[in-house]
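Good morning, colleagues. Please look at the sequence and the structure on the screen while I go through a few of their features.

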Amino acid sequence: MRAAIRNIAAVACVGALLSACSTGTTPEATQSDAPSADPNQEVTLSVATFNEFGYEELFEEYMADNPNVTIEHRKAATSNEARDNMNTRLAAGSGLADIEAIEVDWLTELMQYSDKFTDLADPELDGRWLDWKVEAVTTEDGKVIGYGTDVGPEAICYRADLFEQAGFPTDREEVADLLEGDWDTYFNVGKDFVANSDGVAWFDSASATFQGMVNQVENPFENSDGTPIPLAENDEIKSIYDDIATAAVDDNLSAGLAQWSEDWTNAFQTDKFATMLCPGWMLGVIEGNAEGVEGWDIANVFPGGGGNWGGSYLTVPAQSENPEHAKKLAAWLTAPEQQIKAFESKGTFPSQVEALEDPALLDSTNAFFNDAPTGQILADRANAIEVQPFKGPNYFALAQLVTDALNRLDVEGTDDAASSWDKAVEAYAALGLS
């Protein structure tokens, strides 16, 4: 578990490091500077991802079709680990992979340093992605720094076997009816579950629940002009914090796990919790962590309607020595047909227009989740999304303050709700944003 101060310091110094690097006297190579690639050149391409992108079999397929290309996969355990690695090497000017996967939450920060990335604009790819997915990685002068991989429409994943033991319905449609409503409904059902279960928590993590709730807020931490909302005056975030603190600690609904920690990963094998928020990309994570565990299912419902959690891009850093080969591979990996294969492999829900209409997606089922029609469920959940939160350059740092505050309650047990919030407010002041 990382200390809060360390997180804040790391976040605060990233911008300074990159700014200093940007003012260097030696310009970094850009795509336009690079010579055209010999398509038959023997080349090794490194690809850095995190969590589960579903690319393992695709890499093998690409190398079989392009025998002059060797792909080396660098897979970080968490997006935070990948982000720290990227910021460190981006500032150093070396060490990044030829293709770096980035998460949507990093975008506004990275778009300030678009000169550090190869321009991936390609007229032949116009119309491939949802408009908002492309707009987010396009600079004012038309440079595109990333190709969209997935989006994260959210549903509720649950353990049908644990529901049955607690006397709850197990059929996914009945579970959807049970949970239809707002977050109060989700928490109230959770209180009934905990009262009727044998020590099984309702959800995995307070911080994960916070992520789902904050993704339904139009301006969670910053106004639309990018100015931060002082945490002490942010009534909407404080209300969400209070609701989760009550549910997690007072009502004992949380398993008290830090998402992505070793304890969280191991908990999938030991029946620690019954539900969790699951964007499409989470299905592969659950299946991997819960290998051998039977009972997982997915309900076509989400508290408060719809929500989008995450979604990623593939970038080609200007550091790459093989930008043309890397661009070609990134374009292939994000083509609709490859994204359908990634979805079938790990549940990563595509952001490509053609892929979203593909019968292979809409008719797909997932054997691990009791043969649930995951393609149709996630398509329905995508259609329920009404809010795309504004995430400015300080979003990541400010969200981390509240995440740390919740972890002090839920995981570490070192603070009560009031004292932990006060520490978050103090940490906000230390950032010097306003």
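Let me begin with a definition: two strands are said to pair if DSSP finds at least two bridges between them. Strands themselves are DSSP runs of E with at least two residues, helices are runs of H or I with at least four, and both are numbered from the N terminus. The model is a predicted one, in which local features need pLDDT of at least 70 and side-chain atom pairs count only at pLDDT 80 or more, while totals for chains, interfaces and linings use all residues. Residues are numbered from 1 along each chain as its sequence is written, and side-chain values use heavy atoms, with hydrogens and water left out.

With strand β3 (residues 99-103), β1 pairs in the parallel sense over two bridges, and here A48 stands opposite E100. Eight bridges connect β1 with strand β2, residues 69-76, again in parallel; F50 has A76 as its bridge partner in β2. Seven of the eight residues of β1 are buried, where buried means under 20% relative accessible area, with a 1.4 Å probe and protein chains only.

Next, two single positions. A91 lies in helix α3, residues 79-92, and counts as buried because its relative accessible area is 15%. Its C-alpha atom is 9.4 Å from that of K116, 25 residues away along the chain.

V144 sits in the loop between α5 (131-135) and β4 (147-159). Is V144 buried or exposed? With 12% relative accessibility, V144 is buried. Beyond its neighbours within four places in sequence, V144 is in contact with T118, D119, L120, A121, V137 and T138, contact meaning heavy atoms within 4.5 Å. F117 is 27 residues from V144 in sequence, and their C-alpha atoms are 8.9 Å apart.

Finally, a helix pair. Helix α9 (residues 206-214) packs against helix α10 (residues 235-250) at an angle of about 145°, and their axes are 10 Å apart. The axes are lines fitted to C-alpha atoms over the stretch in contact, and angles run from 0 to 180 degrees between N-to-C directions. On the α9 side, A206, T209, F210, M213 and V214 meet I237, I240, I244 and A248 of α10.

Notes
Buried means under 20% relative accessible area, exposed over 50%, partly exposed in between (1.4 Å probe, protein chains only).
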